Amino acid sequence: MEFEHQLEDEEVPVAVVGGGIVGPVMAYILGERGIRVHLYESRNKGLNGSLGRAINFSLSNRGIDALVRMGISDEVLKEAAPYYGRCIHLPNSGGKTKVEFYLGNEKKGAIHSINRRLLSELVLKRLEENPNVKIFYQHQLINIEHKNETLHFNVKGGEKGSNNKKSVKAKFIIGCDGFNSSVRKSILGSMSYYQQNILDEVYHELYLPPTQNGESALPYPDMFHIWQLGEVMMVGLPNKGNSFNIILYTPLSHSRNIKTPNDVLDFFRKTFPDVQKKIPQNQLIEDFFRKTPSRLNIMKCYPYHYGNILFYFTQLSGTDPAPSINTHEHSPIRTSVSRNFSQNSI
Ligand SMILES: Cc1cc2nc3c(=O)[nH]c(=O)nc-3n(C[C@H](O)[C@H](O)[C@H](O)COP(=O)(O)OP(=O)(O)OC[C@H]3O[C@@H](n4cnc5c(N)ncnc54)[C@H](O)[C@@H]3O)c2cc1C
């Protein structure tokens, strides 16, 4: 590929690509160790007034440990809804449920459910206070030339909304740019093993509001809810304020057969009648068609770096193995980066 990008004068010690959740945690931890980091994120800065309605993020103790380290665990947990176990909605039972606590028979050891956009903003806000880290928004990585460790970006929001091109040399590059990682794609040719399976399942994101008097529409508002009928499954993650974010998993063929608003209502009436009664019809229809349903993938590859200089991180459930915020402490990749830095003391 031919690049006519403007090469920055300064060589960056560490370039982290991706400012979702893992990238800012990684940049913060390296910055805390006195390592200078530049973090590049393709999105705009800030929430622009909207949290979106994405699948909630579940934080376990490991994830919370990372936030304690960043000094923002209290702030994050204030915005999260704890859940202590699962509530299984028994199929064709007229709404009967079975409740299982994670620890014994009591409300202990909560997992915390939080809007992922909000979590990302809170970690980014904290990262801005780290003097060793600079954040560059609207920088979309296009490719990396590994022979000279140069990253090529499209920079959005130039004059009259135009895109500029920019190139940056970095001693160390860490990709935290999610499942479709451009960092990973840049080193695909040097991997000895790569396999990606696109699964037959897709998922739709739905929303179950609280009742008119502000109470939870489901019994057990502090549980993870599960409904399953044959190949179709639905899970509900609690939000602060008694609402739930729902994920509906179906085979692609089922999803494709639901084409009209009446099809949506029919499907829910037959498959999950107890939920169908609780979600306002207009909203159920709007949510169902709001986005193209997302595919699920399983990706395996080896190695996870190129030589000693290129590492990448990506999504937990999209890839295997890979760290998420909940697993970063135990990641072999992180240990390796830290070891490398302490030897080279950048
Ligand atoms: C249905 C589902 C449910 C999940 N639930 C959980 C859960 O409860 N708990 C959990 O730990 N994990 C969960 N995961 C996995 C979860 O998505 C990841 O753990 C988490 O999003 C990983 O964060 P990340 O920062 O690596 O990636 P992302 O959150 O995907 O962030 C990547 C960032 O990189 C940016 N980016 C992408 N490409 C570029 C580019 N070329 N240049 C610059 N920036 C770029 C994006 O804008 C984004 O901000 C779930 C996944 C799925 C599919």
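Reader: Which residue in β8 is the bridge partner of F57?
Author: Happy to start there, with a predicted model in which local features need pLDDT of at least 70, side-chain atom pairs count only at pLDDT 80 or more, and totals for chains, interfaces and linings use all residues. Numbering starts from 1 along each chain as its sequence is written. Strands β4 and β8 (residues 111-114) run antiparallel and are joined by three bridges; strands are DSSP runs of E with at least two residues, helices runs of H or I with at least four, numbered from the N terminus. In β8, F57 has as its bridge partner I114.

Reader: Which residue takes a positive phi in the hairpin of β10 and β11?
Author: Strands β10 (139-145) and β11 (150-155) pair in the antiparallel sense over six bridges, with L141 partnered by F153. Four residues lie between the strands, and the positive phi, near 45 degrees, belongs to E149.

Reader: Which residues of helix α7 are buried?
Author: Buried means 20 or more other C-beta atoms within 10 Å of a residue's own, exposed 12 or fewer, and partly exposed in between, with C-beta atoms placed from the backbone. On the other side of α7 (residues 261-271), N262, R269 and K270 are exposed. The buried ones are V264, F267 and F268.

Notes. Two strands pair if DSSP finds at least two bridges between them.
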